[in-house]
Amino acid sequence: MADVASRSASRTGQEPSTAELVQRATEQVTRLVRDELALARAELTQKGKHAGIGIGLFGGGGVMALYGAGALVATVILLLDLVMPAWLAALIVAVALFLLAGVLALVGKKQVSRAVPPVPEATVRSVRADVDTVTAAVKDGRRG
């Protein structure tokens with residue numbers, strides 16, 4: 001907009017015509033949109049890099065946590081080995097882990113079944129009610 005103010009007169013020394021002003025405004029809006037898109041692209045690129053690094057570090061942390069869980073399982077087996085044979089301790093820990101995995105799988109299945117079908121049922125009912133209301137209003141308008 002400062003561009004319009006700085007060029008208050010046209011080439012002939014008169015006030016700029018409406019067409020010239022519209023052309024300048026169009027050029028400025030186009031430039032502004034391009035600059036904003038370039039800024040958004042640069043910002044999203046930077047955020048994408050940070051997100052990628054963060055996801056990689058998060059994944060690395062998950063792998064380390066998995067190794068830590070394995071070490072804890074080995075510790076439990078070794079602790080049980082103090083009071084029973086090693087094979088029995090390993091078997092007991094394995095059965096306990098399988099039971100835990102089964103419980104988690106059943107709870108997960110229940111949660112997934114709550115999400116199916118992935119249709120916003122309340123919204124669908126609301127839209128149908130709106131359509132019925134509009135249809136009824138149109139029918140009443142034709143009768144009246």
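Buried means under 20% relative accessible area, exposed means over 50%, and partly exposed lies in between (1.4 Å probe, protein chains only). This is a predicted model, where local features need pLDDT of at least 70, side-chain atom pairs count only at pLDDT 80 or more, and totals for chains, interfaces and linings use all residues. Residues are numbered from 1 along each chain as its sequence is written, and side-chain values use heavy atoms, with hydrogens and water left out.

**View 1. The protein has four helices and zero strands.** Along the sequence, the pattern reads α-α-α-α. Helices (H or I, at least four residues) and strands (E, at least two) are DSSP runs, numbered from the N terminus. Of the 144 residues, 4% are buried. The protein exposes about 12,000 Å², and carbon and sulfur atoms supply 70% of that area. Accessible areas come from the Shrake-Rupley method with a 1.4 Å probe; for residues, only the protein chains shown count as cover.

**View 2. W87, L91, V95 and L99 make a nonpolar surface patch of about 450 Å².** Patch residues have over 30% relative accessible area and no salt bridge; like charges are joined within 9 Å, and nonpolar side chains (Val, Leu, Ile, Met, Phe, Trp, Tyr) within 5 Å. One member, L91, is found in helix α3 (residues 86–115). L91 counts as partly exposed because its relative accessibility is 44%.

**View 3. K47 forms a salt bridge with E43.** Their closest N and O atoms are 3.5 Å apart. The term means a side-chain nitrogen of Lys or Arg within 4 Å of a carboxyl oxygen of Asp or Glu. A search of the whole structure finds one salt bridge. K47 and E43 are four residues apart in helix α2 (residues 18–81), so about one helical turn separates them. E43 has 42% relative accessibility, so E43 counts as partly exposed.

**View 4. UniProt lists residues 51–80 and 86–107 under "transmembrane region" in an unreviewed entry.** UniProt positions follow the numbering used here, feature names are shortened, and annotations may be inferred rather than shown by experiment. Residues 51–80 are 100% helix and 0% strand, with end C-alpha atoms 43 Å apart. Residues 86–107 are also 100% helix and 0% strand, and their end C-alpha atoms lie 32 Å apart.
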